[in-house]
Amino acid sequence: MVKRGLAWFILSLSSVVILAACTQRLSYPDQPAASKPSLSSGSDFPSISKDEFLYAVGWLDDKTILVALESNGEYGLYSHDLLTGEEQLIRTFSDRLVFVALSANGQRILVQIATQQGNNVMMIDKTGKSLADSHYSEGILTSVSWNPTNEGELFLSVQKTVDRPINYHWDLANEEWKEVPDTEDMPVWYSENMYLHMKSGTDGASALVLSDIRFPGKDTVIDQEILAYGLEGESVWVVTPSDFNEEELLGISYYPLLITQGYVTLPRITDGNGLIIPEFTKGIASDETFAVIPKQETGSVNGIIFELAKIDFSTNATEALTEVERMAPISASPDSTYVLYGRRYEYLYDVERNHWIQLAE
């Protein structure tokens, strides 16, 4: 996620916008330190059996998550009520689950299953009813973007070889997959016909571009020097180098696109893999934004710690909530009461109580 000189939204997976806010000198507010969280292995919330838990997928509603479980060689998708621990079966699969993604409103689920004949891609609703399927044996799905007005249209990113993934437009009404031309990274739907993606320029810098699915090749450049971007509804964030301090990045929020909501400063920190880009999330029914942010800390492993923070772009404020183990994906509940964290979303953070819950035993 980066700036010129976030489209997050996504998914794993990311994306968006321009830096009109940088035309004047910015002031940087002090940031409070993170508090120490209390930890729980599930005494408040009923936990899931470690032997069955594969990963959490996302939010079905404010208190219910979609989880993938395995038991006796059978794979299944279940709704899991965080408060009661009740699990409701959505659908089981005799073959291995390769990929699962949930639409933003929690109504549709995309699944890829590995069979002896190849990989099947299936769309189901939250009752488990099949809405569409496609036999696709050429690669593995890595990410998906749902059209915000038509859940029968998706962008899919497929890893076929060691080279970059190939992006497809799947229109369920026409039952066809079409390669999206001239896209280097995963395209992300912004509206019914418009989508965002990043392009590398001749100088090596990445530009954030707005394109129209109806008119291939007619692109609008939104910004010229973007490290990363993200998208939640009509809210777009970008990460970009700071124009004023080479040791900082800027996270800029737009709502809607091109209308600057505000910014926050972020530390510019690298590790053995390169520049560390924060993870962002926003509840779809809330104005609150959260991020995992790196911080230099003498005496820690590699001299870096990570904090879960609450972000207020409108006041340029970052409030550290608690330390976390590493940079990892996060997903806020629709009302922003809870935040899923971890490579498998195996931890849950209670925002009001500053309290961690481990979902699996």
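Predicted model: local features only at pLDDT ≥ 70, side-chain atom pairs only at ≥ 80, totals over all residues.
1. Overall make-up. The secondary structure of this chain consists of 31 strands and 0 helices.

2. Aromatic pairs. A pair of aromatic rings is described by the distance of the centres and the angle of the planes. The count for this model is 12 aromatic pairs. One of them joins Trp189 and Tyr195, whose ring centres lie 6.4 Å apart and whose planes meet at 75°, so the pair is edge-to-face, given that angles over 60 degrees fall in that class. Both partners are buried: the relative accessible area is 3% for Trp189 and 5% for Tyr195.

3. Glu153 belongs to strand 11, which covers residues 153-159. The residue is buried and yet forms no salt bridge, and the nearest side chain of opposite charge, that of Lys178, is 9.5 Å away, whereas a salt bridge would require the charged atoms to lie within 4 Å.

4. Surroundings of Glu153. Leaving aside residues up to four places away in sequence, Glu153 touches Ser145, Trp146, Asn147, His169, Trp170, Asp171 and Trp189. Trp189 thus links two of the points above, being a contact of Glu153 and also the edge-to-face partner of Tyr195.

Methods
Residues numbered from 1 in each chain as written. Heavy atoms only, no water. Phe/Tyr/Trp six-rings, centres within 6.5 Å; stacked < 30°, edge-to-face > 60°. Buried < 20%, exposed > 50% of the residue type's maximum accessible area, 1.4 Å probe, protein only. Helix = DSSP H or I, 4+ residues; strand = E, 2+ residues; numbered from the N terminus. Lys, Arg positive; Asp, Glu negative; His and termini not counted. Contact = heavy atoms within 4.5 Å.
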